[in-house]
Amino acid sequence: MEKKAKKQKGVSLTLRQNLVGYSFILPNFIGFFVFIFIPVMFSLALSFSHWDGFTEIEFAGIQNFVDIFKDSVFRDSIWQTAYFTIFTVLFSVIASLGLALLLNQKIKARGFFRSALFFPYVASVVAVSVVFNAMLQPEYGPLNEFLKFIGISNPPGWLASTTWVIPGLIIVNVWRNMGYFMIIYLAGLQGIDQSLYEAAELDGANGWTRFWKITWPLLSPSTFFVVMMLVINSFKVFDLVWLMTNGGPGTSSTMISQYIYNQAFISWDYGKSSAAAMILFLIVALLTAFQFKAEKKIVNY
Amino acid sequence: MKNKFLKTVAFGLVTTMTATTLLAGCGSKEEKPADEGKEGEKVTLTFPVWDSAQNLYLQDIIEGFEAENPNIKINMVDVAAADYMNKLSTMLNGGNDCDIVYVKDSDSTPSFAKKGQLEDLTSYIEKDGINTDKYISYDDFNLDGKQVAFPFKSDYYVLYYNKDIFDAANVEYPTNDMTWTEWGEMCTKLTSGEGNNKVYGGYLHTWQACVENWAVQDGKNTILGPDYSFMKPYYEMALRMQDAGTIMDYSTLKTGNIAYASPFQQGTVATLPMGTWFSTMMITKAEAGETDVNWGIATLPHPDGVEAGSTVGSTTPLAINANSKHKEEAWEFIKYATGEVGSAALVERGQMPAYQDETTLDAIAAKEGMPEGSAEALKTTNIVLDRPIDSKSAEINQMLSEEHSLIMIKEKPIDDVLTEMGDRAKEIQGK
């Protein structure tokens, strides 16, 4: 009797400990379940259905996927998003690493420059859009005024041209991103042991060699993080494009996320919208998985 | 460890992408009105509306109605304009969650009607012997022989002009019987100056409606196409005027986010085809001392061979939820709101009612701040709906807006874009 009670008490103690543990994660878990897991599963189900938001939901098989791949706007949106992503990632890495290297030097007003460069990242995207719409204005915008000043007689039409609209958006996006990723690179730079540079200097390595042989390899974990975040964020880009061009002119800057939005909230076709969302999910998931696979080769320590 | 992280990342991705798309789709069911009164007792009607603080006429009408019908109480459910149509759909799906249906995007009326959510009003109208001739767009809400909604509020395009610019250029004010060709010529005469002092004879806003509406004005074609060749002359006119500098350049307007109101209110534009809602904006601005433009209104120019007074517009209707328990009472309200008293309340707040007779236009014209001669200018012989009552209207409209910009920035020749519009319209409509 005595023994049994003791045993029971022991069991319930573990259970109680577990329950306490679960109760700590419960709020988060409920939030995740209600606001993420259920909607995602619902979206998955919807991608195989026809639904306009108020009539009955009908099973559609893979019809939505067939339809969106037949839709030239969707196919274009994939390429446009990829184009936007590749160059955003490339230029953001160059710009943020460059700035980090510069601001890692002992220069005057270093703190000021660091905060100033970080500022675009915290600025409201609405304000950024308004300012850059004016900056990129084809007729009297400061950027084209400058281009004319340095002798380019026929500067691009930027957001008013189907060719230049994505480069224009890339410029704005890189400008917005670089401050944040500069901070990450700065942290990475400060983690590099100075004695390595001293040793290299003794061996007669010049600045360029020191960068390629020490800084760049040792920054690879930072670069890995930066590239991954940039790829994910660029594929999902919505607010900036929606505010600056609303996908235009024509559909030349319509990204996948805006296609999803348009299908859901303009065409009221939740089925096609969810199908496109699933494809975007798949693309981003595959890219992320690929990056993790490649991590071993890319990251040096 | 790495696998676990991968999973976390994957879940994170799912979240961000789909959560927003979905949340709007699964709105919660509305609370039922507390009052489910029996016959003869006080009845509460649920009436979903959008942005009631900016649409004060609603409150005016409800107060007037409740004073006349002490046994009926109207419970306004205020929703933000952007969420309104979603919310309304949810309420209608819930059965009798609302009694009076105020259809913001009138082109979605058939979707509701198709689902059997809108009461056929024919018998109510006949019983009360309402003269439906006086209502703008009345027949547009008659679907398959059923009057599913009743016109309440209306807006249509007219031509605004700046009298001072006309006087300075020694050009006669626009008449109420002008063709688009004549308008184009007039704009040339009114254009003057350079740089910051430039005055434009005309102004076409960046909405595709401000070119395409003139093409559907004759009532022969609609924006549903799918053959869009009928729009060509109007695009040619717009590009011609843009090249000649008699209207502002589309790219400048678009990239500069320029709203149509400011150029006109700053006196840099001589004529502006715009909706009747702009009168209210002009009066408000003038009262606030932010514009001193000496403005006038003329009837919208019309295509060659079309009767003067034909214009383009849209009408917002009221309807009864087919599942409502208080249809008779809901009809009483609709009758009141769309009738003489309700219309007068709209006019009082500077809105154009769908119910119109001689006194209505005179009352609008007599409002303080309205220019002389408005009553004549506001007279219409026919109003074509800018977006036909069709479930695909919104989607087609989005497509047209995309293609419109390609013509206006001269990325592609007009013919190519019109063909492209046709192909996409067929795809959207499954033709």
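Before we start, a word you'll need: "buried" means under 20% relative accessible area. Also keep in mind that this is a predicted model.

First stop: select B:Cys210. Is this residue buried or exposed? At a relative accessible area of 0%, B:Cys210 is buried. A disulfide is a covalent bond between the sulfur atoms of two cysteines. A search of the whole structure turns up 0 disulfides over all chains. B:Cys187 is in none, and the nearest cysteine sulfur, belonging to B:Cys210, is 13 Å away.

Next, jump to B:Ser393, in helix α17 (residues 393-408) of chain B. B:Ser393 is buried, with 0% relative accessible area. Show what surrounds it: leaving aside neighbours within four places in sequence, B:Ser393 is in contact with B:Asp107, B:Ile223, B:Leu224, B:Arg387 and B:Pro388.

Time for the rings. Over all chains, there are 55 aromatic pairs to be found. One of them is A:Phe33 with A:Phe37, stacked at 5.5 Å centre to centre with 20 degrees between the planes. Both sit in helix α1 (residues 2-46) of chain A, 4 residues apart, or about one turn of the helix. A:Phe33 is partly exposed at 35%, and A:Phe37 is partly exposed at 28%.

Now select B:Phe47 and B:Tyr102, a tilted pair with centres 6.0 Å apart and planes at 35 degrees. B:Phe47 is in strand β1 and B:Tyr102 in strand β3 of chain B, so the pair ties together parts 55 residues apart in sequence. Both residues are buried.

Last stop: an aromatic cluster whose members include B:Tyr157, B:Trp180, B:Phe264 and B:Trp295.

Terms used
Residues are numbered from 1 along each chain as its sequence is written. Chains are lettered from A and ligands numbered from 1 in the order in which they are written. This is a predicted model: local features need pLDDT of at least 70, side-chain atom pairs count only at pLDDT 80 or more; totals for chains, interfaces and linings use all residues. Side-chain values use heavy atoms; hydrogens and water are left out. A disulfide is a pair of cysteine sulfur atoms within 2.5 Å. Buried means under 20% relative accessible area, exposed over 50%, partly exposed in between (1.4 Å probe, protein chains only). Helices (H or I, at least four residues) and strands (E, at least two) are DSSP runs, numbered from the N terminus. Contact means heavy atoms within 4.5 Å. Rings of Phe, Tyr and Trp (its six-membered ring) pair if their centres lie within 6.5 Å; planes under 30 degrees apart count as stacked, over 60 as edge-to-face and the rest as tilted.
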